[in-house]
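Dear colleague,

Please find below the structure that I promised to hand over. My notes on what was found in it follow directly after.

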Amino acid sequence: MKKKHRFSRPDNPFTAEVMDDIEAKVNVAMAKFKVLANEEKKQSRRHEVTSRLKAAVMKAHKKFKPNSRCSFPSFADVFISRELCHCLRHLACVVEQENVTVSCDRKVDGSDEDAPTFVDGFADPRDRFAEGLLRFDFDVVTELLEKQNPLYARIFSLRREGYKLSEIHGIIGVPDWELYDILWPAVKDAVRRIYDHGC
């Protein structure tokens, strides 16, 4: 005679108890990653989490065997909870990516830590330095700078030759803070004045 088990596998895996469990865990995920302004994104995120948890229930249903120690809703909860952890990690990555994309901090090449960010490629509307040099002869700028301040002209020439500021301060013999905080901003201001007023 076949042994009768206390708990059997339900025909429909989505029992009322299982659906309540899914709903509660979806609410947990939505509370952790709130979307206040975008209703469409909020509903899309809810649908994604719900679908993943339901898929986890289907896996549990397939693996559940009649027994006398664990009911199907309890068995399914293990799968649902595990999938919720995956969902939370996934949503954390999605939100982080959305945030850095909005702030333009995302790397152009995400696999390269030294890659420039998208914002590095944007022109600063407050800085007409680069724009001005496209329309003004470098040699004329250097010549006028030389008359005003030979040190400014030297820094400008070195920068034109491709030296980084971190290299220039050693070449001209000044502390790095002085170059970054005082001299380089002054050089850019002088170049702007030359471009705007010719002197």
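Helices (H or I, at least four residues) and strands (E, at least two) are taken here as DSSP runs and numbered from the N terminus. This is a predicted model, in which local features need pLDDT of at least 70 and side-chain atom pairs count only at pLDDT 80 or more, whereas totals for chains, interfaces and linings use all residues. Residues are numbered from 1 along each chain as its sequence is written, and side-chain values use heavy atoms, with hydrogens and water left out.

On that basis the chain has eight helices and zero strands. Of its 199 residues, 30% count as buried, where buried means under 20% relative accessible area, exposed means over 50%, and partly exposed lies in between (1.4 Å probe, protein chains only). Taking a contact to be heavy atoms within 4.5 Å, 57% of the contacts between residues at least 6 apart in sequence join residues at least 24 apart.

The largest nonpolar core has 22 residues, and those that touch the most other members are Val18, Ile22, Val49, Leu53, Phe72 and Ile80; such a core is a set of buried Ala, Val, Leu, Ile, Met, Phe, Trp, Tyr and Cys residues joined through side-chain atoms within 4.5 Å. At least two residues of this core come from each of helix H1 (16–32), helix H2 (39–63) and helix H3 (72–103), with H3 giving the largest share, nine residues. Leaving aside residues up to four places away in sequence, Ile22 touches Phe14, Thr50, Leu53, Lys54, Val57 and Ile80. A second, separate core holds 19 residues, including Leu165, Val174, Leu179 and Ala186.

The aromatic rings deserve a paragraph of their own. Rings of Phe, Tyr and Trp (its six-membered ring) pair if their centres lie within 6.5 Å, and planes under 30 degrees apart count as stacked, over 60 as edge-to-face and the rest as tilted; by this rule there are three aromatic pairs. Phe64 and Phe72 form an edge-to-face pair, with 5.5 Å from centre to centre and 80 degrees between the planes, and both of these residues are buried. The pair of Phe75 and Phe79 is tilted, because the ring centres are 5.2 Å apart and the planes stand at 50 degrees. These two residues, Phe75 and Phe79, both lie in helix H3, four residues apart, which is about one turn of the helix. Phe75 counts as partly exposed at 22% relative accessibility, whereas Phe79 counts as buried at 13%. Phe64, Phe72, Phe75 and Phe79 form one aromatic cluster.

Two charged side chains also belong with the rings, where a charge sits over a ring if NZ of Lys or CZ of Arg is within 6 Å of the ring centre and within 35 degrees of the ring normal. Arg82 lies over the face of Phe79, 5.3 Å from the ring centre, and the charged end of Lys54 sits over the ring of Phe14, 6.0 Å from its centre.

Glycine 173 follows H7 and has a positive phi, near 75 degrees. Trp184 is placed in helix H8 (residues 176–197) and counts as buried at 11% relative accessibility; its C-alpha atom is separated by 8.4 Å from that of Leu165, 19 residues apart along the chain.

With best regards
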